[in-house]
Amino acid sequence: MRVSELKLYHFKNHSENSWSFCDKINAFAGLNGVGKTNILDALYYLSTTKSYFNHSDQQLILFGEKEASVFAKIQKDQEYEILGSFGETRKKTFKKNGKAYSRLVDHIGFLQAVFITPYDVDLVFEGSEERRKFIDFTISQLNKEYLNDLLEYRKVLDQRNAFLKSLEGRLIDTLLLESFNRTLIPVGTRIYENRKKFLADFLHIFQEIHDTLAQSETNVSLKYESGLNESTFDLLLKENSQRDVFAQRTTQGIHKDDLTFDINAMPLKKFGSQGQIKTFVVALKLAQYQYLKRQSNDLPILLLDDIFEKIDASRSQRLMEMVCSEDYGQIFISDTHGQRIKEHFEPFEVAFKLFEL
Ligand SMILES: Nc1ncnc2c1ncn2[C@@H]1O[C@H](COP(=O)(O)OP(=O)(O)OP(=O)(O)O)[C@@H](O)[C@H]1O
Ligand SMILES: [Mg+2]
């Protein structure tokens with residue numbers, strides 16, 4: 001799969017711009033603030049219907065304007081045109097070949113993208129939600145039922161929590177609580193099983209990529225932490241119902257799952273150097289890429305934003321070797337120096353197109 005053309009209209013700082021891309025490396029170069037990351041974000045938007053950085057679409061509209069759109073031509077088994085448009089007073093729509101999706105989530109998985117950005121260290125330093133998002137994002141690209149389960153779980157969990165809140169700490173009616181449990185248990189258990197299966201497969205890919213990248217004796221690992229590892233969801237909810245009433249929210253379940261990251265059997269967050277942490281998260285993202293590729297039998301697009309920051313020269317070199325190989329498809333990369341990035345990629349003799357902004 002590849003993107004042959006991109007057109008932005010009032011998207012962030014891009015008033016009206018278009019680019020046609022080559023099959024391998026597409027590099028955007030220019031000074032700070034010219035809009036390189038915004039272009040990568042537009043591609044991510046076309047993939048996920050959301051910006052990687054902004055929670056509200058309103059923030060994506062060029063200052064002073066009312067509407068924005070992102071358009072791309074995608075080459076898969078045939079050519080597809082994807083158009084995402086939104087406005088101040090208009091609902092967001094996504095169209096494939098002119099036909100609007102009735103639900104935006106139906107688009108997820110069509111244009112698979114992996115985005116590597118300096119913010120990926122949030123995976124290490126932020127709360128567990130970031131790590132659950134990473135897992136959910138990956139599985140959702142491949143498995144529609146999983147995505148539907150997540151939406152359903154969130155809906156019922158919100159209802160259960162609203163009910164617990166309404167009790168104000170006093171349990172009068174256990175029947176209603178149990179009726180929420182009956183819906184939550186099968187959905188939550190399916191999500192757990194999917195996450196467990198995914199992480200078992202993912203761990204090997206991750207360690208392999210990390211070893212290639214780091215070429216050192218460093219041992220890395222990740223572990224899936226879930227209340228469901230030691231108990232059934234049914235039992236967890238039953239055992240904690242008093243606690244839930246008291247806390248006025250659901251204290252156990254897959255919405256509390258987490259991942260722990262280790263380096264040489266010690267917590268990465270505390271004992272990793274900046275470069276080791278960066279290498280770790282880049283390996284996580286490349287493993288995400290390889291996992292998606294193996295499961296879907298297609299090559300996702302890879303978005304690399306300021307990738308060489310904090311990685312030493314030999315690791316950068318191996319990273320370039322990796323992404324230039326047949327294991328990876330089309331790549332979009334940003335850098336402040338056009339000439340430098342060109343020289344970096346020249347030895348690999350792959351298709352290369354430079355866009356100076
Ligand atoms: N809705 C918007 N309207 C206009 N400008 C915006 C909007 N949203 C963001 N911008 C601006 O876009 C500019 C470019 O951002 P971007 O992050 O793409 O730059 P960059 O080329 O990646 O720079 P750097 O080299 O520093 O990473 C920023 O100055 C930002 O303020
Ligand atoms: Mg940038």
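Which strands form the open sheet of five, in what order, and is the pairing parallel or antiparallel?

**Entry 1: ground rules.** I am working on a predicted model, where local features need pLDDT of at least 70, side-chain atom pairs count only at pLDDT 80 or more, and totals for chains, interfaces and linings use all residues. Residues are numbered from 1 along each chain as its sequence is written, and chains are lettered from A and ligands numbered from 1 in the order in which they are written.

**Entry 2: the five-stranded sheet.** I read the order as β8-β12-β13-β3-β14, with parallel pairing. The edges are β8 (113-116) and β14 (352-356), and each of them pairs on one side only. On average, neighbouring strands here are turned by 15 degrees against each other, direction ignored. I noted the terms: strands (E, at least two residues) and helices (H or I, at least four residues) are DSSP runs, numbered from the N terminus. Two strands pair if DSSP finds at least two bridges between them.

I then looked at β3, residues 25-29. β3 and β14 are parallel and share five bridges. Phe-28 sits opposite Phe-355 of β14.

Two helices pack on this sheet. Helix α1 (residues 36-48) touches β3, β8, β12 (301-305) and β13 (331-335), and its direction makes about 150 degrees with that of β12. Helix α11 (residues 338-345) touches β3, β13 and β14, at about 175 degrees to the direction of β14. Contact means that the C-beta atoms of two residues, placed from the backbone, lie within 7 Å. Axes are lines fitted to C-alpha atoms, for helices over the stretch in contact, and angles run from 0 to 180 degrees between N-to-C directions.

**Entry 3: the six-stranded sheet.** I found an open, antiparallel sheet in the order β2-β1-β4-β5-β6-β7. β2 (14-20) and β7 (99-100) are the edges with a single partner strand each, so one side of each has no neighbour in the sheet.

β1 (residues 2-11) is joined to β4 (residues 67-75) by seven bridges, and the two run antiparallel. I looked up two bridge partners in β4: Gln-75 for Arg-2, and Val-70 for Leu-8. On the β2 side, β1 has six bridges, again antiparallel. Tyr-9 stands opposite Glu-16 in β2. The hairpin of β1 and β2 has two residues between the strands, and Lys-12 takes a positive phi near 50 degrees there.

Helix α1 turns up here too. It lies across β1, β2, β4 and β5 (79-87), at about 110 degrees to β1.

**Entry 4: ligand 1.** Which residues come nearest to ligand 1? I count 17 residues around ligand 1, and Asn-13, Asn-32, Lys-36, Thr-37 and Asn-38 come nearest. A residue is near a molecule if its C-beta atom, placed from the backbone, lies within 6 Å of it. Helix α1 gives the largest share of this shell, three residues. The shell divides into five nonpolar, ten polar and two charged residues. Ala, Val, Leu, Ile, Met, Phe, Trp, Tyr, Cys and Pro count as nonpolar, Asp, Glu, Lys and Arg as charged, and the others, Gly among them, as polar.

**Entry 5: domains.** Domain 1 covers 1-112 + 298-357, and domain 2 covers 129-294. These bounds come from an automatic or database domain assignment. Taken over C-alpha atoms, the two centres are 28 Å apart.

**Entry 6: helix pairs.** How do α5 and α10 cross? The axes of α5 (residues 174-214) and α10 come within 8 Å and cross at roughly 130 degrees. The pair is therefore oblique. Angles under 35 degrees count as roughly parallel, over 145 as roughly antiparallel, 65 to 115 as roughly perpendicular and the rest as oblique. Thr-212, Leu-213 and Ala-214 of α5 meet Arg-315, Arg-318, Leu-319 and Met-322 of α10. This contact has four nonpolar, one polar and two charged residues.

I also checked α3 (residues 128-142) against α5: about 90 degrees, axes 11 Å apart. They are therefore roughly perpendicular to each other. Ile-135, Thr-138 and Ile-139 of α3 meet Asn-194, Arg-195 and Phe-198 of α5.
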